[in-house]
Every structure is written in C-alpha cells, then in structure tokens.
Amino acid sequence: DGCGHTVLGPESGTLASINYPRTSPNSTVCEWEIRVRPGQRVQLKFGDFDIDDSDSCHSSYLRVHNGIGPNRTEIGKYCGFGFQMNGLITSKSNEVTVQFMSGIHTSGRGFLAAYSTTDKSDLITCLDNASHFSEPEFNKYCPAGCVIPFTDISGTIPHGYRDSSSLCMAGVHAGVVSNTLGGQINVVISKGIPYYEGSLANNVTSKVGPLSTSLFTFKTSGCYGTLGMESGVIPDSHITSSSILEWPNQTGQVNIWRPENARLKRIGPPWAAFISDEHQWLQIDLNKEKKITGIVTTGSTLAEHYYYVSAYRILYSDDAQKWTVYREPGMGKDKIFQGNTELYQEVRNNFIPPIIARFFRINPLKWHQKIAMKVELLGCQFSLGRAPKITLPPPPQNKNDEKNADFMDDFIHSVKTSLQTDKTTFTPEIKNTTVTPSVTKDVALAAVLVPVLVMVFTTLILILVCAWHWRNRKKKTEGTYDLPYWDRAGWWKGMKQFFPTKSAEHEETPVRYSSSEISHLRPREVPTMLQTESAEYAQPLVGGIVGTLHQRSTFKPEEGKEASYADLDPYNSPIQEVYHAYAEPLPVTGPEYATPIIMDMSNHPSTPLGAPSISTFKAAGNQAPPLVGMCNKLLSRTDSASSAQALYDIPKGQPGPGSADQLVYQVPQSVAHPTVSKDE
C-alpha cells in the first residue's frame, strides 16, 4: 500500500513513493520487480530522495536488490533528508527489486526514480528541466511514465516550451517520445518569448506561461505536415462514414452533416453520425500509402450544437477490407486516445511509431451528446525502394534470334530471382528520432558561396557600366578649351597663353572661349575671369556675349589679392568702400603711376572733365570690376590737403598732358561706345 506513480516499460520506467511529493503515510510498504531483456542490465537514477532517517534507516528506507525472489542480493540501503545520490545504481543482471518501507515519521517527501537499460547512458528523470543543463543543444534519454500530475509544462510546438517545463513531459506533449515507451530527445535552447500558449496533446495539458529568459524546442524528423483534409487535397469522395446525421431545422430545411464536412477549420457543420454508438466510424482514403504520425480533432465548432468525441480508437488498412487496431509496441491492448473536452479546442495525438497505411479509420468510443467531429491527419509521403523497371527488347523475328531470346529469358529469370531474394517481408523500422536529416558540407558550402559570388559579379558589372557611362558623358560636356570640372575654380590661370601680350606694340588677337564655360558664369563675374594675372597695363576685355570693349587705361592696378569670380558683390556690402570705374586720385606719396588720362582716341571731341566715362583697368583689391557699359560718377579721394583741389594727378616726371601723338592708345575697332547716362 505504499506504491505511488508507477510505469514499468520494457526498456525504461518511472516509480515513486505514495503521495509523492507530499509526505507518505506511516507504516506503508511497496516493492517493485523490474525485468528487462535477457543479456541487458538495469540502471537506476533518483530524481528526488527525501526519506526520514531519524532511526538510522531502521524503519524508513529504500533498499535495492540484484535479482527477484528469495535469491536476490542487496545492492544498497538508503535514507536521509535531501539525500544526493551521485551517479547511477547498476544491477548485475536483467532483474532488479526495489523495496520502499515507510515507518513512523512526520516529514519527508519520499522518492522518485527512473530506470532504463544500461545502453541508455544519458538517462534523465521526469523532474529534469532545461535549466539543469548549460549546453545550447544536447541529447537525453527520457524514461517511460513521465506524464505525472505533479509537474507542469508551458508552451507548445512549434513555438517552444518554457525553460521551467519538464523536458520529458514536454517531449510527450510534443509527440517526440511515448509515455509508455520513453525515448531519445534532442533539445535546443534559445531565447525566451513573452507568452507561452497552452494546449492539450497526447493526454498532456500544457498551461499558459509568462515570459522567461529561455525556452527549448525539439529537433524532429520533420514528418508532421498536414495530409490534405483541411486543404482539400483529399477529395470528398475519399471521405466516408458509417452513417450521416440528417435533421430539419426550424424553417423546415434539411441539414445533412456529411462526412466531407469533417475537415479541420472548415466553416460550417461537422460530420455527425446518425446513431451514437461504438460502431460508428469515419474513414479517409489517402489514395496511396502514407506515413501518418498524428491526428488533430475538434468538436462540432457550433455553439448551438455542443457535440464532440472525447475518446476514440484508430484502425488502419491497405485495402479497406482487413483492418488493424493501433497498439503501442509491447502493449497487449488497443490504445485509447484522448479526444476533446469541449467543442472548439484542437486536440493532437501522435502515433509512436507512425502508421504506414492508405486507409485510415476513426472509431469513436466516448462522446458528448452526439458523435460529431472535424479532423486533420499529420504525416508525410512514404515510399519503399522500388524494383528497377525492365525494358524488354522486341521479340525475335527469325530463327537466328532464338539464341538472343533464350539469353533474355535467362536474364529476366535471374533479375526476378534477385528481386525476390532482396524483397523484405517485414515493415522497415522507422526511427522516431529527433535528429534532423544531415546535410553534407559540400551542399552547405555551395548554398552559401553561389549567392555571394553572384552578388559580387553583379556589383562589379554595375560599377564598370557606371564608370563607362560617366566617362562618355564627361567627354560630351567638355569643349575644345574646357577644363575638367574639378579645376574650374582657377581655370583662368591656365588661360594666360591665350591672352594678348603686355607689349603695346604687339598686335592684339582675339581670344575664343567655350560658350559652355561662359554660360555657367554670371555677367558680373565674366570680366574678372578674363583678366591676366600680372599685366603692367590693363588688358582689353573680350566683347561679344557679356559686353563691349571700350577705352583702355594706363593705370597700373594696385598690388593685392587677385580678383575672383566667387568674391562678394561690393555694391551689396554697406561696410566696404565704394570703388569706381575711374582711377582714384593718388596721394602725394602714392604710387609712381598716375590715374588714367581721358583722351580723344578717335578724332571725336574730348569728353568734358568730370563727365562719366568708361575704364577697363583691373580693379584693386578683391572686388570684381563693374560690367562693361556701366557708368559711374567719379568721386575724388584725397589723402592730403595739397591734393584736395586736383581732380587728376599728373604722371610723375611729366610736365603735363602730352600731345595726342605721344599718348595714342589702341582702341578696339568696330566697338561702339555705349550711351552714357549720369547716375543720380
């Protein structure tokens, strides 16, 4: 009367004291006899051990024996609160006896232990969870019997399970191990999620869970896809049933709940049997053999019809004539699957090992009000290796081909014999491992390198095309005398060779510039761009596009910063001094050269003194000279009292204005003087 949770499988199992994890009652006893296949040994591992040791293991203890019966020998006797047993207890044969005695005590949880054959070196217990292991991925062996009421799990597949969940119980819920058989799990740890869903699967209820730092999932074979009920791949004609519910509604319309309505998530009524008894069934023809790994069911999904199936059996066949009831290996009775507990929730059950069949039948055993359900099958394609197709040559046409015909008969006979020899008469073992199919390194390397190489070559081609396009566009935009765009800020320095020489005797020659370059400049900036850097006398301006050339000046520009077309407009600056088209009077101690003398160059009357005129000399300072054709009023500046009365200085060393023959300056021909207007 001291036995608690117990599942004894053929290769593994779980056992616990009564009332675990609460205190067991006084004066109770339990004894477990464990047998595995001959030639193997048993190993025992404790997940929790807490037995009163107040009387030094006299009345309360756990004892392990080699063998069963009167000839058994003791391996060890154990007791203690929070006793930590390192390692495994291993038997010397394939039989072990475990005896639990509970005497007079007031505390102690008892114990929980797992066993397996010794070839399962990575055995864990039902109490182990993901937080007990530090590896990001690991393999462990779960014993049978880990669906226990005193542990919880949170989460579901494929999203994952909370790290506080029992690894083995979550493995049963996910369908990777069987509760009656146990099995290997491959666990992968990853970052947690804020919310874990709850669901019912394989008789295990997963609860809703909060945020956790990590979660775990299982690697599987991947054979869990839908087989065509919901999607419609399975035609209506392949879904049949034992009976169909027909009934008129309030308006007199007849409702028929046909078997083709039994498609999961299909809107509308489900399939329902006309008679609710244990002889009803829903049958699905998969058209060919498939590997079926699970089933998902719901109730009617209609609130006004609270119908669902709570338990059922599974039958399968290859010809729809001879049916086999699904049983777990080593079990002598049919497996009863837990169905729905209400009409909406989807409940999943997995088949371990999978079912290989074409025809699949559901036989309801328990239901609520009426038999009604919607289903979906899980699995994948299944095909055995087929014999090679033999192509026969044409029959012999004459007697000379009889030898060849005999040879072909012998060949066909030998092929048939070899095929019969190689033909297997047993169902191939399909391992329900959690390891994904391996991928060769070459395939993985090619999958990475091919896209990278394509991207690299595409980028190089684009760069070459863009460079070629830019080069051709640059050649088209630059003229004969154009300079590259990056050198335009000081391009006038390179144009000195095209300017007239500073010698007065040299004949002036016109200079041509690119129209595209001139078009980029403002009118005020053009004269500055066309001046020489260090001419002793002012050079004539180029007329045509911006303005016309007028009288020349003998004034020598002041030393200073070269003018630039990028300089600010002097007339827009209220702080700077006002500069004029005429040379300003020089102070007594001023430069050696005097201001220009206005002469009549073309036998016209001389311009009156003080009248506005035009000068083409180079402006001093950073200010750009005014546009040709603009007229300014002469303003005098005196630096001393002695020069206040003179409008113009006389050149040093000269008695006064010379004759016209001595002061003749060349004026460009065919240039009309603009009309001079007096500024206000």
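The structure is a predicted model.

**Disulfide Cys 57 to Cys 79**
- The sulfur atoms of Cys 57 and Cys 79 lie 1.5 Å apart, and the disulfide is left-handed because the torsion about its S-S bond is about -85°.
- The pair links distant parts of the chain, 22 residues apart: Cys 57 is in the loop between β4 (42–50) and β5 (61–66), and Cys 79 is in the loop between β6 (73–78) and β7 (89–90).
- Cys 57 is buried at a relative accessible area of 14%, and Cys 79 is buried at 13%.

**Disulfide Cys 126 to Cys 146**
- Cys 126 and Cys 146 are joined with their sulfur atoms 2.0 Å apart.
- This link of Cys 126 and Cys 146 is left-handed, with -85° about the S-S bond.
- Both Cys 126 and Cys 146 are buried.

**Disulfide Cys 142 to Cys 168**
- Cys 142 and Cys 168 form a disulfide with an S to S distance of 2.2 Å.
- Cys 142 lies in strand β10 and Cys 168 in helix α1 (residues 167–174), so the pair ties together parts 26 residues apart in sequence.
- Cys 142 counts as buried at 1% relative accessibility, and Cys 168 counts as buried at 1%.

**Nonpolar surface patch**
- A nonpolar patch on the surface, with about 730 Å² of accessible area together, is formed by residues including Val 448, Leu 453, Phe 457 and Ile 463.
- Phe 457 is in helix α3 (residues 441–477) and counts as exposed at 53% relative accessibility.

Methods
Residues numbered from 1 in each chain as written. Predicted model: local features only at pLDDT ≥ 70, side-chain atom pairs only at ≥ 80, totals over all residues. Heavy atoms only, no water. Patch = residues over 30% accessible without salt bridge, like charges linked within 9 Å, V, L, I, M, F, W, Y side chains within 5 Å. Areas by Shrake-Rupley, 256 points an atom, 1.4 Å probe, with all protein chains shown as cover. Salt bridge = Lys/Arg side-chain N within 4 Å of Asp/Glu carboxyl O. Helix = DSSP H or I, 4+ residues; strand = E, 2+ residues; numbered from the N terminus. Buried < 20%, exposed > 50% of the residue type's maximum accessible area, 1.4 Å probe, protein only. Disulfide = S-S within 2.5 Å.
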